[in-house]
Amino acid sequence: MLPADTSPKLSPSQADRLPSLTGLRFFAAFLVFLCHALSQFNPQTDAASRNLAYFLLPAGPVGVSFFFVLSGFVLTYAARPGDTVRGFWRRRLVKIYPSHVVTWSAGLVLALTTGTVSVGTTVAALFLVQAWAPHMILTATVNPISWTLACELFFYLLFPFLFRALRRLPSRRLWPAAGLVTALIMAVPQLAVLLPGKPMPLAGWTLTQFWVVYTAPPVRLLEFALGIVLALLVQNGMWPVVSVRLAAALCVVGYAVAGITTMVTKLPHLWAMASATVIPLAVLIASAASRDRQNLPSLARHPRLVRLGELSFAFYLVHHMILTACFTAVLPDDFRPGLLALTGLAVVLFFVCWAAAWLLHTAVEMPAMRRWSRPSAAVRVHHEPPRVPGRSESLTGERTP
């Protein structure tokens, strides 16, 4: 990794793409992998393994929260006058759905070979609506992590309208808006505990409380909206110059508090799922982007990190299925590795996941984007509806002639 004072300088066009944010995606994907590899599939045969498993439980939620905030930030930063709502929806659907269908199909085959399949949840997962029902999160058998795509699809549907509303705010109101959204995110776990229900075994929360805090798309929309506001602050030159190292250190502190608390209490707290780290993550994302815009040094834009970040979406989609296949279909049922052996196995699977991610990215994700992200010239010429004077479908809300 490059030292901070030798980070490569960026051309104006490179800075406009914010490569540091792409590089940071790798670390978020890595956190999710750690959570699943060493917590969810950890047989916890000794005290060290158990403590590590509990400490890493919040890692997955932190990575997911990062991606939700980043999604709102990047879409806002990339919005351009003249882009249409229909064009935006088309590109986002093409971005996620082909890879999702491929991994859903692979997950279905794996589920059929390792156990029973819930038809309702399987169909809901295909159409990315499973995150809207609490019980489906527990009965998910086909690539369970795709619930986050259900949230993202909801975000994409609402983005044109959220973006138009928030960009109309006077610049002096952007910081209060960021504070308000952050306060709402912090308040969600406190409000969720008021919901009635019977706590789940080995947990301090009910299924409804967990769903409201962690998987309900309208609640996770708050992090997406925070990303939009952060991008507007950066674009307006209102974000202070903050070291990426300092921002990363804040994330480490926030995570350590959540991880240690979980390790001590043996319970994943509702507030550790987003509230504990949302502020440090927001600072990290906005600071890295601001430094790219000003062409200041940033560790996160090392070319290798950026390349891994480009593969992070595919990595996220494949990693859980590969872990499932290894621990449930390949290894014997009585496999009980110690911490050292489990860590070694996780390292091997980590590289296997990246190889599968590269294949999915190059064979499915990128070809689909090139083929379907924009209508063909013939379709645009012969089927584009006439524009109505005074009416616009612009993503930014600006009128077009």
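Residues are numbered from 1 along each chain as its sequence is written, and side-chain values use heavy atoms, with hydrogens and water left out. As the model is predicted, local features need pLDDT of at least 70 and side-chain atom pairs count only at pLDDT 80 or more, while totals for chains, interfaces and linings use all residues.

The crossing is right-handed, meaning that the near helix is turned clockwise from the far one by less than a right angle. On the α3 side, the contact (heavy atoms within 4.5 Å) uses N51, Y54, F55 and L56, and α12 brings Y255, A256, G259, I260, T262 and M263. Sorted by class, that gives seven nonpolar residues, three polar and no charged. Nonpolar covers Ala, Val, Leu, Ile, Met, Phe, Trp, Tyr, Cys and Pro; charged covers Asp, Glu, Lys and Arg; the others, Gly among them, are polar.

Helix α3 also packs against helix α2 (residues 19-40), at an angle of about 145° and with the axes 8 Å apart. This time α2 passes α3 in a left-handed crossing. Here L34, C35, L38 and S39 of α2 touch L52, A53 and L56 of α3, a set of six nonpolar residues, one polar and no charged.

Helix α14 (residues 303-310) and helix α16 (residues 339-372) have axes 10 Å apart and an angle of about 70°, so α14 and α16 are roughly perpendicular to each other. R307, L308 and E310 in α14 meet W354, W358, H361 and T362 in α16. Three of these residues are nonpolar, two polar and two charged.

What about disulfides? With a disulfide taken as a pair of cysteine sulfur atoms within 2.5 Å, the count is zero. The sulfur of C326 has its closest cysteine sulfur in C353, 9.4 Å away, which is too far for a bond. Both cysteines are buried (under 20% relative accessible area, against over 50% for exposed and partly exposed in between, with a 1.4 Å probe and protein chains only): C326 has 10% and C353 has 0%.

Methods. Helix = DSSP H or I, 4+ residues; strand = E, 2+ residues; numbered from the N terminus. Axes fitted to C-alpha atoms, helices over the stretch in contact; angles between N-to-C directions. Parallel < 35°, antiparallel > 145°, perpendicular 65-115°, else oblique.
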